[in-house]
Amino acid sequence: MNAAVISDPDSFGGGAAAGGRVLSPGVDVSHKAILYLEDISVSFDGFKALNKLSLDIDDGELRCIIGPNGAGKTTMMDVITGKTRPDSGSVFFGQTIDLTKLTEAEIAHAGIGRKFQKPTVFEQHSVFENLELAMKTDKRVRASLTARLDSAQRDRIADTLALIHLAGEADRHAGLLSHGQKQWLEIGMLLMQEPLVLLLDEPVAGMTDEETERTGELCKTLAGQHSVVVVEHDMDFVAGIAHKVTVLHEGSVLAEGSMEQVQNDARVIEVYLGR
Amino acid sequence: MGPLASGIGKLYGVRGWVALGACAVILFLLFPLANLALPKGSLFYISDYTIALTGKIMCYAIVAVAMDLIWGYTGILSLGHGLFFALGGYAMGMYLMRMIGREGQYQSDLPDFMVFLNWKAYPWYWSFTDHFWYAALLVVLVPGLLAFVFGFFAFRSRIKGVYFSIITQALTFAFMLLFFRNDTGFGGNNGFTDFKRILGFPIATSETRMALMVATGAALILTLLFARAIVASKLGRVLTAIRDAESRVMFSGYNPVHYKLFIWTASAVICGIAGALYVPQVGIINPSEMSPANSIEIAIWVAVGGRGSLVGAILGAGLVNGAKSLLTVAFPEYWLFFLGLLFILVTLFLPQGVIGLLKSSREKRA
């Protein structure tokens with residue numbers, strides 16, 4: 001239940017925001033892992049959304065995270081992206097970048113892209129402009145005032161449009177797209193940010209079977225160049241793409257391994273699959 | 001100069017520039033000729049009253065454009081923009097008061113209200129206000145600085161929506177109470193009036209009024225082009241994106257606080273300039289300009305004209321204030337009812353305002 005409350009994109013906590021600067025891309029992945037979560041606890045009004053959660057994501061890996069409602073999946077993403085501050089524990093991006101010290105904008109700039117549960121695109125802008133706004137570049141006020149697209153940037157947008165199958169819709173308002181197309185556009189916007197880590201919260205919700213299949217293909221292509229973390233309820237989808245699955249339950253890791261291992265784990269069957 | 005000129009050229013299409021040029025010819029050529037060169041009995045003579053009214057409404061139109069930038073494009077409804085307008089007006093008013101010299105009722109170096117309070121010298125914050133350049137600086141700096149400081153804390157604390165609107169409303173109300181006090185040193189509830197001259201010219205002649213109207217027209221056109229340059233840039237697209245999905249903007253690596261602060265401060269400065277042009281034309285500034293109702297009226301102009309359209313905002317300010325000057329003469333007691341009714345009707349039936357109506361009728365014909 002908590003997931004629904006805190007994933008509301010407008011309910012931010014307080015706190016100073018000072019970002020917008022381009023951080024140097026010095027993400028140190030010399031120890032294989034790109035994201036370290038250690039002993040993270042978060043509670044809302046006494047409810048423990050995350051309870052000493054520890055999790056590592058390797059550089060270039062495709063990881064699926066599953067778990068029943070209220071297991072803390074979305075809260076985990078909120079902690080990584082700076083939307084929610086953990087009560088205790090540490091979150092590191094590579095060996096050196098402490099994410100608990102950065103604002104949302106700074107984390108995005110450092111190379112972590114996030115897709116929301118409910119597709120969130122700029123509905124009054126064209127598809128092309130959505131990608132333009134997301135593109136990795138100097139995102140300070142003055143730079144935006146004088147920004148002009150060069151041909152290399154136009155090519156990048158065109159490439160992404162082709163990748164997300166929206167080349168024919170470039171000039172349409174994003175608000176006019178179908179639900180599935182919006183999901184794709186949002187993924188496209190993440191790719192324009194050139195992130196090292198992609199966090200996808202329920203990327204195939206509301207998609208047709210064909211769209212779901214295409215999204216699975218896309219996730220597999222993206223892994224390798226990026227680290228991809230997928231939170232999903234659709235078990236067929238997860239089974240189709242996952243190498244490694246993490247099961248969350250009541251705010252901590254219940255089991256981790258291949259889909260087959262996880263599906264045969266007695267505790268997992270009890271809390272999640274067997275219901 | 002080359003890229004800048006071509007950048008400005010792209011702000012509007014050919015028809016837009018022709019329309020703008022036509023407005024400039026009417027304001028800067030036909031109006032002066034019809035007012036100053038023609039005899040009073042002539043069919044084409046334009047009265048001083050019409051000139052003054054045009055100048056006044058154009059001041060409101062500048063405010064409407066500023067309001068549209070922050071509300072229509074960025075989605076932040078300010079119900080305190082009358083404050084920035086009034087502060088710009090007071091800054092100009094201080095200069096105009098100094099220019100009265102010894103021609104006041106008490107023939108003192110001090111303004112009449114200070115003599116009345118038995119003050120012997122100007123308070124420190126009146127220093128240098130006898131220089132026009134310094135007053136002009138205050139016109140920009142005072143609203144700009146107040147908006148920047150207020151905006152810094154409000155946006156950093158992520159105050160938005162109706163909470164932000166209410167706080168801006170409270171802010172202008174607080175300033176109104178402050179300016180009502182005689183001890184504040186701005187003339188209390190009477191404010192400033194009885195101006196005699198500006199930049200050495202007597203203020204009430206037809207020629208000076210015309211010059212002020214022309215200056216206001218130029219300011220309106222420059223404001224429109226400046227606002228257009230902003231909304232047509234990537235910065236403008238970020239502002240609209242903040243309006244529609246702020247969290248996505250943030251997770252795309254932009255800091256919305258900086259963007260909001262920029263447009264909020266720019267909007268306040270524009271209002272201050274409009275207020276400074278307004279005061280010499282209407283001949284008075286008092287704290288009622290800071291009343292909450294005034295600020296709400298600004299929002300109504302923009303809603304009537306069409307949020308998210310700069311030309312719409314200008315149109316809205318013109319239509320509502322044109323109607324106001326007609327109706328307050330014919331049925332003065334019903335104006336506020338009419339205004340309220342207008343706001344309800346526009347909200348219910350014309351969410352895109354008059355400009356939306358024009359657009360959809362054009363599309364139907366096409």
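Mentor: Helix H2 of chain A, residues 73-80, lies across S3, S6, S7 (197-201), S8 and S9 (244-249) of chain A, and its direction is at about 145° to that of S7(A). Helices (H or I, at least four residues) and strands (E, at least two) are DSSP runs, numbered from the N terminus. For angles, axes are lines fitted to C-alpha atoms, for helices over the stretch in contact, and the values run from 0 to 180 degrees between N-to-C directions. Keep in mind that this is a predicted model, where local features need pLDDT of at least 70, side-chain atom pairs count only at pLDDT 80 or more, and totals for chains, interfaces and linings use all residues. Residues are numbered from 1 along each chain as its sequence is written, while chains are lettered from A and ligands numbered from 1 in the order in which they are written.

Now for the helix itself. Eight of the eight residues of H2(A) are buried, so the helix is largely enclosed by the rest of the structure. The buried residues of H2(A) include Lys73(A), Thr74(A) and Asp78(A), along with Met76(A), Met77(A) and Ile80(A). For the chain as a whole, 48% of the 275 residues of chain A count as buried. After H2(A) comes Gly82(A), with a positive phi near 85°.

What does the helix lie on? Six strands of chain A make an open sheet, in the order S6-S7-S8-S3-S9-S10, with mixed pairing; two strands pair if DSSP finds at least two bridges between them. S6 (112-115) and S10 (252-257) of chain A are at the edges with a single partner strand each, so one side of each has no neighbour in the sheet. From one strand to the next, the twist averages 20°.

Look inside the sheet next. S3 (residues 62-66) and S8 (residues 227-231) of chain A are parallel partners over four bridges, and Arg63(A) has Val229(A) as its bridge partner in S8(A). Another helix packs on this sheet too: H8 of chain A, residues 209-222, touches S3, S7 and S8 of chain A, and its direction makes about 145° with that of S8(A). Contact means that the C-beta atoms of two residues, placed from the backbone, lie within 7 Å.

Elsewhere in chain A there is a hairpin to find. S1 (residues 33-44) and S2 (residues 47-58) of chain A pair in the antiparallel sense over eight bridges, with Val42(A) opposite Leu50(A) in S2(A). Two residues lie between the strands of this hairpin, and Asp45(A) has a positive phi near 50°.

Finally, turn to the neighbouring chain. In all, 31 residues of chain A are in contact with 24 residues of chain B. H3 (104-110), H4 (127-134) and H5 (141-146) of chain A are the elements that give two or more residues to the side of chain A that touches chain B, and H3(A) gives the most, with four residues. That side divides into 14 nonpolar, ten polar and seven charged residues, where Ala, Val, Leu, Ile, Met, Phe, Trp, Tyr, Cys and Pro count as nonpolar, Asp, Glu, Lys and Arg as charged, and the others, Gly among them, as polar.

Conventions: A residue is buried if 20 or more other C-beta atoms lie within 10 Å of its own, exposed if 12 or fewer, and partly exposed in between; C-beta atoms are placed from the backbone.
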